[in-house]
Amino acid sequence: MNSNTRLQMILADTPVGMILPAIAQLNLPDWWLAGGAVRNTVWRLIFGDDCELVIKDFDIAFFDIQGDRTQELAAKATLTQQFPNNEFDVKNQASFARWRDGDTAYNSTEDGITQWLHTATAVGVRLNAQGKWEFFTPYGLDDLFNGIIRTTPVHTDNPHAHQKAAIFLQKCPYLRLA
């Protein structure tokens with residue numbers, strides 16, 4: 001079984017798998033669900049209940065060069081209405097540089113996800129127009145499946161990335177630093 005199939009099998013019957021169709025219906029351009037919802041779901045399944053990392057929110061990244069914050073807010077409101085017990089963080093990667101000091105502009109959703117803090121967090125999943133799963137895994141899935149916390153190349157010297165790694169280790173002692 002290849003890594004993408006394994007990831008789909010892990011996520012399909014979880015909150016991630018249940019929420020993906022609703023995200024797809026939003027028709028956000030070039031969207032991906034990535035981040036902690038994917039990472040923590042996988043790590044909890046692999047390492048069990050002793051791994052206390054849970055889904056804090058669902059990080060939905062999309063790219064619309066003409067877009068503004070109203071798209072983010074509308075998508076978040078729609079998802080919150082459908083899933084009131086969950087939190088959603090919807091961000092247009094085209095506008096990151098406008099509101100996040102120090103960040104350069106991204107060229108695509110994939111460019112933004114590639115620059116997230118850790119390789120196991122930079123994993124995107126989505127459903128295409130036919131309802132088939134698609135994957136964006138710029139660093140592969142080995143770190144995710146093996147519980148390895150590795151900073152992405154742009155964050156090797158980022159203190160925030162190292163602080164987050166320490167929190168992950170505290171909540172899930174089976175993880176390892178790269």
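Guide: Strand β2 (residues 58–62) and strand β3 (residues 88–92) pair in the parallel sense over five bridges, where strands are DSSP runs of E of at least two residues, helices are runs of H or I of at least four residues, and both are numbered from the N terminus. This is a predicted model, in which local features need pLDDT of at least 70, side-chain atom pairs count only at pLDDT 80 or more, and totals for chains, interfaces and linings use all residues. Residues are numbered from 1 along each chain as its sequence is written, and side-chain values use heavy atoms, with hydrogens and water left out.

Visitor: What makes β2 and β3 count as a pair?

Guide: Two strands pair if DSSP finds at least two bridges between them, and β2 and β3 have five bridges. Within this pairing, Asp 59 has Asp 89 of β3 as its bridge partner.

Visitor: In which sense do strand β1 and β2 pair?

Guide: Strand β1 (residues 32–34) pairs with β2 in the antiparallel sense, over three bridges, and Trp 32 has Ala 61 of β2 as its bridge partner.

Visitor: Why is β2 called largely enclosed?

Guide: Buried means under 20% relative accessible area, exposed means over 50%, and partly exposed lies in between, with a 1.4 Å probe and protein chains only. Five of the five residues of β2 are buried, so the strand is largely enclosed by the rest of the structure. Both of its faces are covered, with Phe 58, Ile 60 and Phe 62 buried on one side and Asp 59 and Ala 61 buried on the other.

Visitor: Why does Asp 143 count as buried?

Guide: Asp 143 has 9% relative accessibility and therefore counts as buried. Asp 143 lies in helix α7 (residues 142–146) and, leaving aside its neighbours within four places in sequence, is in contact (heavy atoms within 4.5 Å) with Trp 43, Thr 119, Ala 120, Ile 148 and Arg 150.

Visitor: And does Met 1 count as buried or exposed?

Guide: Met 1 counts as exposed, because its relative accessibility is 73%. Met 1 is found in the segment before α1, and its C-alpha atom is separated by 32 Å from that of Asp 89, 88 residues apart along the chain.

Visitor: Why are α1 and α3 called roughly perpendicular?

Guide: The axes of helix α1 (residues 3–11) and helix α3 (residues 36–47) come within 10 Å and cross at roughly 85°. Axes are lines fitted to C-alpha atoms, for helices over the stretch in contact, and angles run from 0 to 180 degrees between N-to-C directions; angles under 35 degrees count as roughly parallel, over 145 as roughly antiparallel, 65 to 115 as roughly perpendicular and the rest as oblique. The two helices are therefore roughly perpendicular to each other. Their contact is made by Arg 6, Leu 7, Ile 10 and Leu 11 of α1, together with Val 38, Thr 41, Val 42, Leu 45 and Ile 46 of α3.

Visitor: What makes a group of residues a nonpolar core?

Guide: A nonpolar core is a set of buried Ala, Val, Leu, Ile, Met, Phe, Trp, Tyr and Cys residues joined through side-chain atoms within 4.5 Å. The largest one here has 40 residues, of which Leu 7, Leu 11, Leu 33, Trp 43 and Val 125 touch the most other members. Helix α2 gives the most to this core, with six residues, while a second, separate core of seven residues includes Ala 34, Trp 116, Ala 122 and Phe 136.
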